[in-house]
Amino acid sequence: MPGVPILLKVNFLSLFFSSMEDIVMRQVFGLLSACVLAVTAGNAWACGGCGSPCGGGCSEPCCAQATSDCGCGAATSDCGCGSAASDCGGGCGSATSDCGATTVMKTVMTPTYVTEMRTVTSTEYTNETREREYTVMKRVPRTEEKTSTYTVMVPTTQTKTVEYTVMKQVPETRTQEYTVMVPYTEAVEQNYTVMKQVSEEKTSDYTVMVPTTEEKTQEYTVMTPTYEDKTETYTVSVPVYEDQEQTYTVQVPHTEQVEATRTVTKRVPVTTMKTVTVNSGHWETQMVEVAAGGGCGSAAGGCGGCGGCGDCGGCTKTVCQRVWVGGCETKEVPCTTYQCVTEEVPYTYSVTKCSTEERTRTVKVCKMTTEERTRTFKVCKMVPETKTRTYTVTKCVPETRTRTYTVTKCVPTTETRTVNVTKCKPETRTREYTVMTCVPEKMSKEVNYCVMVPEEKTRTYTVTSYDCVPETKTQTYTVCVPHTVTKEVPVQVCKMVASQVEVAVGGCGASTSGCGGCGSSAPAPCGCN
């Protein structure tokens with residue numbers, strides 16, 4: 001049937017729908033495919049197609065139906081029959097002059113977009129202010145005295161025996177072979193030059209300094225020490241101790257409660273409107289005319305013939321095509337952000353302060369008293385004294401003398417002599433030598449060492465501790481609460497609207513028509529549409 005491919009294509013497109021709107025569109029396309037199938041099947045049966053009852057010949061009932069359904073002017077002139085009562089085997093007889101082109105009204109389904117209001121359910125968020133209580137731990141100071149025991153390491157000298165290793169030298173005798181150059185004597189004659197001494201006597205004058213002794217007298221001064229007693233008065237500072245009252249200042253510690261403020265940062269929600277771009281694209285269904293797959297003579301073609309049409313033109317068919325129409329839409333949406341707000345919060349803390357306090361105490365004061373004393377001491381004075389002394393002076397007097405001396409001269413003389421020459425030859429010998437080997441030997445000695453012995457002591461100190469006291473506070477915060485809202489939104493729906501269109505239909509003998517007219521080997525059907 002010609003409507004089956006269209007139905008399959010429409011059903012294939014309906015598989016892509018997933019949302020609520022797509023389900024509605026799927027139902028519309030189901031109804032549309034049923035309407036197209038009914039119209040196509042009706043035209044195929046009424047217009048004398050290959051499967052119609054009128055395809056085998058033009059009987060009297062067929063021509064009567066053709067008069068009413070096929071749009072022919074008269075059964076005897078327009079259905080390709082010679083007469084209604086004569087042979088309807090497809091011959092034209094004299095009717096070839098009566099088959100002309102006519103127009104018929106055809107119902108066409110046109111897709112039209114209609115805006116409908118649909119009720120949809122959406123989730124919206126509303127800002128709701130709530131309060132919650134939270135517990136804050138407040139620190140409360142508390143002063144108390146504690147006694148602690150601490151350990152002091154006291155040094156103690158102890159004695160222990162330490163073993164140590166000493167490397168002791170032990171002599172060891174070893175044998176070694178060595179090579180010695182042994183000298184030997186060999187007699188060799190040798191010529192040599194000898195300097196012989198020749199003596200000669202000579203006379204010469206010389207001067208000699210002869211020492212002479214002479215007595216002289218000299219006066220000199222000597223400083224003689226003389227001691228003398230003297231009396232002297234001197235002053236001495238004598239220390240005197242006395243008791244005296246003294247006032248001094250002491251810093252006494254005490255605890256005070258001080259109120260102060262501290263900065264606390266809180267997160268406060270701030271709602272602002274934000275402009276966002278939303279993809280508002282949607283799918284649209286359009287009716288598109290496409291070329292038929294078969295051509296003339298095909299069972300799936302739109303010409304309705306059974307073959308042998310000659311030069312039949314291309315046929316088209318109308319199908320539904322789903323097209324995505326893109327678009328962007330700008331919306332204002334609320335956006336909640338949290339900002340940090342600084343706040344000054346008062347609190348109380350303990351401070352240890354020192355106050356000045358005057359106290360009195362008795363101290364010993366040392367004062368220096370002046371006292372005069374007398375002392376006797378010896379004074380040494382140097383007195384000059386003249387003395388006389390005799391001393392001997394030695395003087396040298398020059399004196400000329402004569403002397404006779406012998407001079408020895410060396411005269412070279414060549415002589416021959418036999419000389420023993422010492423030569424060396426190698427000789428291997430053996431000797432023993434002593435090597436000192438170090439052997440470890442363990443020894444012990446007593447060593448004094450210091451050991452730290454722990455000793456426990458006790459001390460008292462003041463500790464300020466803080467007790468954590470729970471405090472309940474109330475905080476206001478904003479929560480986005482979801483709720484379901486039902487609202488109507490406009491939706492574009494594609495509906496098929498029927499309209500009447502005039503279509504020209506060719507007569508007998510026309511090569512472009514789908515009718516089996518005169519000259520055709522096929523029996524003439526009852527119309528082409």
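Glu144 is partly exposed, with a relative accessible area of 27%. The model is predicted. Arg142 is also partly exposed, at 34%. The side chains of these two residues, Glu144 and Arg142, meet in a salt bridge, with an N to O distance of 3.4 Å.

A second pair joins Glu186 to Lys423. Their closest N and O atoms are 3.2 Å apart, and the contact is a salt bridge. Glu186 lies in strand β1 (residues 102-279), while Lys423 lies in strand β4 (residues 328-505), so this pair ties together parts that are 237 residues apart in sequence. Glu186 has a relative accessibility of 33% and counts as partly exposed. Lys423 is partly exposed too, with a relative accessible area of 37%. Elsewhere, shared partners link salt bridges into one network of Arg142, Glu144, Lys146 and Asp467.

The salt bridge between Arg118 and Glu116 has its closest N and O atoms 3.6 Å apart. The two residues fall on either side of the cut-off for burial. Arg118 has 17% relative accessibility; the buried class covers values under 20%, so Arg118 counts as buried. Glu116, at 22% relative accessibility, counts as partly exposed.

These pairs belong to a wider set. The count for the model comes to 24 salt bridges.

Technical notes: Residues are numbered from 1 along each chain as its sequence is written. This is a predicted model: local features need pLDDT of at least 70, side-chain atom pairs count only at pLDDT 80 or more; totals for chains, interfaces and linings use all residues. Side-chain values use heavy atoms; hydrogens and water are left out. A salt bridge is a side-chain nitrogen of Lys or Arg within 4 Å of a carboxyl oxygen of Asp or Glu. Buried means under 20% relative accessible area, exposed over 50%, partly exposed in between (1.4 Å probe, protein chains only). Helices (H or I, at least four residues) and strands (E, at least two) are DSSP runs, numbered from the N terminus.
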